[in-house]
Amino acid sequence: MADFAGWLLGLMRAVGNPYVGVFLISLVGNLAVFFPIPYLLVVFTIAIELASINIFLLTFFGALGATIGKFVSYGIGFGGRLTLGEKYKRRFDALRKALGGSPFVVVLAFAATPLPDDLIFIPLGMIRYSPLKTFIACLLGKFVLTFVVIWSA
């Protein structure tokens with residue numbers, strides 16, 4: 001795992017722009033479904049190395065990359081529903097009821113913590129929860145998580 005973190009740091013240095021680098025690192029770190037990649041460790045290291053950088057811009061680009069990367073999981077769920085067809089419609093409806101009226105809060109909570117958020121994004125795609133609401137909740141949650149990591153650096 002340390003080799004991969006080194007590769008991510010090398011990617012950031014090759015790009016030259018720390019904002020674009022953090023965006024790419026966060027994107028790659030969140031593309032993997034069910035395989036945790038320590039992208040926040042790399043973001044933490046970048047924040048330490050570049051102490052004079054604008055932490056809000058760095059946080060925004062990191063959160064944006066992480067959010068776009070998480071939408072792979074959402075897409076897997078969305079495509080899974082199409083693949084499974086209508087015979088599982090009752091299960092999807094039961095899942096929608098189990099999430100209640102606040103999937104937005106659930107997405108926000110999972111995105112803002114180190115919890116494995118693929119567990120929530122795939123089902124949200126399956127029930128076809130609003131992609132816009134999912135994106136906004138994930139972006140806000142990832143912003144909080146990334147800000148805490150960068151601020152602590």
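Guide: A salt bridge is a side-chain nitrogen of Lys or Arg within 4 Å of a carboxyl oxygen of Asp or Glu. The structure above is a predicted model, in which local features need pLDDT of at least 70 and side-chain atom pairs count only at pLDDT 80 or more, while totals for chains, interfaces and linings use all residues. Residues are numbered from 1 along each chain as its sequence is written, and side-chain values use heavy atoms, with hydrogens and water left out.

Visitor: How many salt bridges does that rule give?

Guide: The count comes to three salt bridges, and K70, D117, D118 and K142 are linked by them in a network.

Visitor: Which residue does K70 pair with, and how far apart are the closest N and O atoms?

Guide: K70 forms a salt bridge with D117, and the closest N and O atoms are 3.2 Å apart. Because K70 lies in helix α4 and D117 in the loop between α6 and α7, this pair ties together parts that are 47 residues apart in sequence. Helices are DSSP runs (H or I, at least four residues), numbered from the N terminus.

Visitor: Where are the two residues of the salt bridge between K70 and D118 found in the chain?

Guide: The side chains of K70 and D118 meet at 2.9 Å, N to O. This pair links distant parts of the chain, with K70 in helix α4 and D118 in helix α7, 48 residues apart. Helix α7 covers residues 118–126, and the side chain of D118 also makes a polar contact with the side chain of S73, at 2.5 Å. A polar contact is a pair of N or O atoms within 3.5 Å, one able to donate a hydrogen and the other to accept it.

Visitor: Which residue meets K142 in a salt bridge?

Guide: The side chains of D117 and K142 meet in a salt bridge of 2.8 Å, N to O. Here too distant parts of the chain are linked, since D117 is in the loop between α6 and α7 and K142 is in helix α8, 25 residues apart.

Visitor: Is K70 buried or exposed?

Guide: Buried means under 20% relative accessible area, exposed over 50%, and partly exposed in between (1.4 Å probe, protein chains only). K70 is buried, because its relative accessible area is 4%. D117 counts as buried at 5%, D118 is buried at 7%, and K142 counts as buried at 3%.

Visitor: What does R128 show in its phi angle?

Guide: R128 has a positive phi of about 60°, although it is not a glycine. This residue lies in the loop between α7 and α8, and because its relative accessibility is 39%, R128 counts as partly exposed.

Visitor: Which residues of helix α6 are buried?

Guide: In helix α6, which covers residues 103–111, the buried residues are P103, V107 and A111. Seen down the axis of α6, they fall within an arc of 65°, so they line one face of the helix. The arc is taken from the directions from the helix axis to the C-beta atoms.

Visitor: Where is confidence lowest in the protein chain?

Guide: pLDDT is the predictor's confidence in each residue, from 0 to 100. Confidence is lowest in helix α1 (residues 2–15), with a mean of 66, and highest in helix α8 (residues 131–152), at 94. The protein chain averages 83, and 85% of the residues score at least 70. Where pLDDT is low, the predicted coordinates should not be read in detail.
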